[in-house]
Amino acid sequence: MTTPVCTSASTAAVPATHSPAYPSFASYVRARQPVLLRTARSLTANPCDAEDLLQTALTKTYVAWERIEDHRALDGYVRRALLNTRTSQWRKRKVDEFSCDELPEPEPVAGAFDPAEQQALRDAMWRAITKLPARQRAMVVLRYYEDLSEVQTAEVLGVSVGTVKSAVSRALGKLREDPDLGRVR
């Protein structure tokens, strides 16, 4: 949150002949800061930028405090200062973009995998596994996804180790021949 601007000097800013809705700039800021900060946040994408924007607008308001005749319209004055300040910031911002012939893409790191390619391979592999007969699919999943040994797989399914070896071998052969997996490789 922002702190009140120049609280010690704010009492001198209001003329003694004028009876404003807010006796001082500091009391106005204390009373209206949450509402004004919400307005500033709606103008910026970053809460820290919103606080800076409000601080700048309140500084402008403080400088003009004596000239503001109707203190009941202070919110409108500060909102206009917020909007004008934000527009000025937007216009003055430095643009670091420039066009070039070649896109500055980083060189691929050896051994690094593209997450999209990994996901495509995973999806293709699961589609290929679902095409296998139920028994072969169960053996492949237990053996390679659950990381069970051939003996453990045989025990879970209630078959011999030789049956697991031959069924997994046939399943891997079918997976190697799957056209969907051939495109991903």
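## A tour from Tyr144

Start by selecting Tyr144, which sits in helix α5 (residues 134–145). Helices here are DSSP runs of H or I with at least four residues, strands are E runs of at least two, and both are numbered from the N terminus. The model is predicted: local features need pLDDT of at least 70, side-chain atom pairs count only at pLDDT 80 or more, and totals for chains, interfaces and linings use all residues. Residues are numbered from 1 along each chain as its sequence is written, and side-chain values use heavy atoms, leaving out hydrogens and water.

**Stop 1**

Tyr144 has 45% relative accessibility, so it counts as partly exposed. The classes run as follows: buried is under 20% relative accessible area, exposed is over 50%, and partly exposed is in between, with a 1.4 Å probe and protein chains only.

**Stop 2: Asp147**

Go on to Asp147, in the loop between α5 and α6 (150–157). Check the backbone. Asp147 is not a glycine, yet its phi is positive, at about 60 degrees. Most residues other than glycine have a negative phi. Asp147 is also exposed, with a relative accessible area of 65%.

**Stop 3: the whole chain**

Zoom out and switch to a cartoon. The protein chain has eight helices and zero strands. Along the sequence the pattern reads α-α-α-α-α-α-α-α. Of the 185 residues in the protein chain, 29% are buried.

**Stop 4: the cores**

Select Tyr28, Leu54, Leu58 and Leu82. They have the most contacts inside the largest nonpolar core, which has 18 residues. Helices α1 (25–43), α2 (47–63) and α3 (74–92) are the elements that give two or more residues to this core. Another core, of eight residues, lies apart from it; among its members are Ala128, Ile129, Leu132 and Leu181. A nonpolar core is a set of buried Ala, Val, Leu, Ile, Met, Phe, Trp, Tyr and Cys residues joined through side-chain atoms within 4.5 Å.

**Stop 5: α1**

Pick Ala26 in helix α1. Ala26 is buried, with a relative accessible area of 4%.

Next, show Arg32 and Asp75. They form a salt bridge, with the closest N and O atoms 2.5 Å apart. Asp75 lies in helix α3 and Arg32 in helix α1, so this pair ties together parts 43 residues apart in sequence. Asp75 is buried, at 17% relative accessible area. A salt bridge is a side-chain nitrogen of Lys or Arg within 4 Å of a carboxyl oxygen of Asp or Glu. By this rule there are four salt bridges.

**Stop 6: α4**

Select helix α4 (residues 115–131). Its 17 residues reach 25 Å from first C-alpha to last, close to the 24 Å expected at 1.5 Å a residue. The expected span is 1.5 Å times one less than the number of residues. Color Ala124, Ala128 and Ile129, the buried residues of α4. Seen down the axis, they fall within an arc of 135 degrees, so they line one face of the helix. The arc is that of the directions from the helix axis to the C-beta atoms. The face turned away carries exposed Pro115, Ala116 and Thr130.

Stay for Lys131. Its salt bridge with Asp178 has the closest N and O atoms 3.4 Å apart. Lys131 is in α4 and Asp178 in the loop between α7 (161–177) and α8 (179–184), so the pair ties together parts 47 residues apart in sequence. Asp178 is buried, at 8% relative accessible area.

**Stop 7: α7**

Finish on α7. Its buried residues are Val164, Ala167, Val168, Ala171 and Leu175. Looking down the axis, they fall within an arc of 100 degrees, so they line one face of α7. On the other side, Arg176 and Glu177 are exposed.

Last, show Glu150 and Lys165. Their salt bridge has the closest N and O atoms 4.0 Å apart. It links Glu150 in helix α6 with Lys165 in helix α7, 15 residues apart. Glu150 is partly exposed at 27% relative accessibility, and Lys165 is partly exposed at 45%.
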